[in-house]
Amino acid sequence: MPKQTFLQLPEGKQRALIDAAKKEFSRVPLHEASIANIIKDAGIPRGSFYQYFEDKEDLYYYLLNQLSQENNKKITAMLKEKNGDLLGTLEDAFRHMISLRHDPEHGELLNHAFRNMNYRKENTMANSMYKESLKNERSQTLELVDTSYLNIKDKQELLHIIKIVGAITFHNLVQVFVHDLTEEEAIANYTTQIDLIKRGLHRNEDM
C-alpha cells in the first residue's frame with residue numbers, strides 16, 4: 001500500500017504516477033515490469049518512487065486494490081437497480097467484467113493479471129462485494145440484498161451464499177482471460193453454473 005508521502009501528494013502528481021504504472025503493467029506482466037519505465041513516464045526521480053511505494057509489487061497491488069474497490073461500488077449500484085436481486089446482480093456484473101477485456105484503460109492490465117494469477121492477486125482482485133460483505137454483516141451491500149429471492153434462514157447463510165457465488169464468478173472470470181473465451185461462451189458457462197445454484201443440487205424424491 002502507498003506510503004503517507006504518496007497520499008499527501010497533489011492529485012495531479014498522484015495521477016501521473018498511477019497512469020505511468022498502468023501503462024507499464026498493461027505493457028508486460030508484473031515480473032517483467034520496469035520501475036525505470038514507470039518513473040520516466042511519471043517524470044520523477046527513482047528516489048522519489050521509493051518514498052511513495054516499497055517496490056513495484058507494492059504499487060501493482062495498490063492498483064489492483066483500487067480496481068477492486070471500483071468494482072465493488074459498481075456491484076452495489078447494480079444491486080440497488082436490481083432491487084436486491086443478488087444472483088441477477090452478479091450475472092449483470094459478470095457481463096460487465098468480461099467486457100473490460102476490451103477497455104482501453106484496463107483491458108491489458110487485467111489480461112496480464114488473470115493470465116499470471118497467484119494467491120496474492122486472487123486475494124486482492126476478489127475483494128469485491130462478497131469479500132467486503134464478510135468484513136461486516138451490517139455492511140451496505142448485505143442490507144441491500146432482498147432475501148425473499150433466496151432460500152435461506154438468516155444472515156449467516158446469506159454470507160455463505162455470497163462466498164459460493166462470488167467464488168464461481170471469480171473462477172469464470174479467470175477462465176475468460178486464460179482461455180480467451182468468447183462472450184457467448186463465457187456467459188453460457190456462467191449462467192449454467194448459476195442456474196444449478198438456483199435449482200439446487202439435491203433432488204427430493206417422493207417417499
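How many Å separate the centres of domain 1 and domain 2, taken over C-alpha atoms? The legends below start with that distance.

**View 1. Two domains in a predicted model.** This model is predicted. Domain 1 covers residues 1-53. Domain 2 covers residues 62-199. Their centres, taken over C-alpha atoms, lie 28 Å apart.

**View 2. The area buried between domain 1 and domain 2.** Together the two domains bury about 990 Å². Carbon and sulfur atoms give 70% of that area. On the domain 1 side, three residues stand out: Met 1, Lys 22 and Ser 26. They supply 47% of the area that domain 1 buries against domain 2.

**View 3. Residues in contact across the interface.** Domain 1 brings 13 residues to the contact. Domain 2 meets them with nine residues.

**View 4. A salt bridge between Lys 22 and Glu 105.** The count between domain 1 and domain 2 is one salt bridge. Lys 22 pairs with Glu 105. Their closest N and O atoms are 2.7 Å apart. Polar contacts also cross the interface of domain 1 and domain 2: three residue pairs are found, with both residues at pLDDT 80 or more.

**View 5. Helix α2 on the side of domain 1 that touches domain 2.** Helix α2 spans residues 11-27. This helix gives six residues to that side, the largest share. What kinds of residues make up the side of domain 1 that touches domain 2? Nine are nonpolar, two are polar and two are charged.

Terms used: Residues are numbered from 1 along each chain as its sequence is written. This is a predicted model: local features need pLDDT of at least 70, side-chain atom pairs count only at pLDDT 80 or more; totals for chains, interfaces and linings use all residues. Side-chain values use heavy atoms; hydrogens and water are left out. Domain bounds come from an automatic or database domain assignment. Contact means heavy atoms within 4.5 Å. Buried area is the accessible area (1.4 Å probe) that two parts lose on being put together, summed over both. A salt bridge is a side-chain nitrogen of Lys or Arg within 4 Å of a carboxyl oxygen of Asp or Glu. A polar contact is a pair of N or O atoms within 3.5 Å; within protein, one must be able to donate a hydrogen and the other to accept it, and residues adjacent in sequence count only if both atoms are side-chain atoms. Helices (H or I, at least four residues) and strands (E, at least two) are DSSP runs, numbered from the N terminus. Ala, Val, Leu, Ile, Met, Phe, Trp, Tyr, Cys and Pro count as nonpolar, Asp, Glu, Lys and Arg as charged, and the others, Gly among them, as polar.
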